[in-house]
Amino acid sequence: MLKRLKIIYSLYNFFHKKQLSHNIPKYKKLGLRKKYYSSISSKDFEACVSEAFALQDVPVETKDTNLYKEASKETQCNIENFEKDGYLIIKNFYTESKVDAINEAIGTMLAKKEIKFTNSNKIMFAIHQSKLLKDIGNEPDLIQFLSSLMKGKATLFQSINFLHGSEQDTHSDSIHMTTFPLGGLLGLWIALEDINLTNGPLHYFPGSHHFPYFLNSDYNNEGSSLLLGDKDYTQYEKMIDTKIDEHKIQKHVLIANKGDLLIWHANLLHGGQPHLDKEKTRKSMVLHYYNEDCICYHEITQRPALLQKY
């Protein structure tokens, strides 16, 4: 029961004003009576008009970005199909030496205990400890390109490093890292070694980003004014499996080479395949970016996201 009390999260938020105060003018703009530390969920935005956050400055068109101009014809085609498919793949985006530098940085930080595993397999926010990783995530041409895709101001939010496959069930990032307006998030995944069917590749469902955003209300997990919803996360996963069956969409599995890059839409359904050969690693890095003009929060725990610029 204690884990469901919203006031516990609010007390934690109270001591992180620096990372949350950016929401105050946004709440006022939407007419929301919220403090920076208040709980927040999709229910709070039901009567809000997303046009209130219309961009003042339209970012560069995707075809005018440096990344698109310098891409191969195959990659340009992938980019042009992003809105239809909800993802794009850029092969050999990072050089072998760049990937080796990332792996070396992670290994060194682990040895020095500057970073650690959470949930047995995830290394969260290594960008806090490594200038190299932070600079990779903030590379100007990449930021320009991501901004064009999300039609906003792409801002690095989070990093997750893996040494093995996540084996995570199919989900949309928008249940974990939600935005108002919806869709103000992009995921980016880097293969830090060759990845095949034996060491836990990613899977995804092309076009699934066109589905509705499935949030707390869709599996009766809204809770009350004092308590979070009481549904286990497995109930969300079961709902997603049902939607996949209903729509009869096809799963794709990504066989990747070292240095390949995958970018996906906030609502694309994706996950991790079983890691069959446990003696093999599956080194990879995920970066998440949000639109700076959006409000970013966590739908399940109904708390505003702690954000800082890198």
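## Charge, strands and salt bridges

On the surface, a patch of negative charge is formed by Asp 169, Asp 241, Asp 245 and Glu 246. A patch is built from residues with over 30% relative accessible area and no salt bridge, with like charges joined within 9 Å and nonpolar side chains (Val, Leu, Ile, Met, Phe, Trp, Tyr) within 5 Å. Lys and Arg count as positive and Asp and Glu as negative, while His and the chain ends are not counted; the place of a charge is NZ of Lys, CZ of Arg, CG of Asp or CD of Glu. Asp 245 belongs to helix 9 (residues 233–247), and it counts as exposed because its relative accessibility is 55%.

The model is predicted, so local features need pLDDT of at least 70 and side-chain atom pairs count only at pLDDT 80 or more, whereas totals for chains, interfaces and linings use all residues. Residues are numbered from 1 along each chain as its sequence is written, and side-chain values use heavy atoms, with hydrogens and water left out. Accessible areas come from the Shrake-Rupley method with a 1.4 Å probe, and for residues only the protein chains shown count as cover. Buried means under 20% relative accessible area, exposed over 50%, and partly exposed in between. Helices (H or I, at least four residues) and strands (E, at least two) are DSSP runs numbered from the N terminus.

An open sheet is formed by three strands in the order 5-12-13, with antiparallel pairing. Strand 5 (178–180) and strand 13 (303–304) are at the edges, each with a single partner strand, so one side of each lacks a neighbour in the sheet. Two strands pair if DSSP finds at least two bridges between them. Strand 5 is joined to strand 12 (residues 295–298) by three bridges, and Phe 180 has Ile 295 in strand 12 as its bridge partner.

### Salt bridges

The whole structure holds ten salt bridges, each defined as a side-chain nitrogen of Lys or Arg within 4 Å of a carboxyl oxygen of Asp or Glu. The table lists some of them.

| Pair | N to O distance |
|---|---|
| Lys 258 and Glu 96 | 3.8 Å |
| Lys 153 and Asp 293 | 3.8 Å |
| Glu 167 and Lys 278 | 3.3 Å |

Which parts does the pair of Lys 258 and Glu 96 tie together? Lys 258 lies in the loop between strand 8 (252–254) and strand 9 (261–265) and Glu 96 lies in helix 6 (residues 96–111), so the pair ties together parts that are 162 residues apart in sequence. Lys 258 is partly exposed at 25% relative accessibility, whereas Glu 96 is exposed at 55%. A network of salt bridges links Glu 96, Asp 100 and Lys 258.

For the pair of Glu 167 and Lys 278, Glu 167 is partly exposed with a relative accessible area of 37%, and Lys 278 is exposed with 53%. In the remaining pair of the table, Lys 153 with Asp 293, Lys 153 counts as partly exposed at 41% relative accessibility.

How values were computed: Buried < 20%, exposed > 50% of the residue type's maximum accessible area, 1.4 Å probe, protein only.
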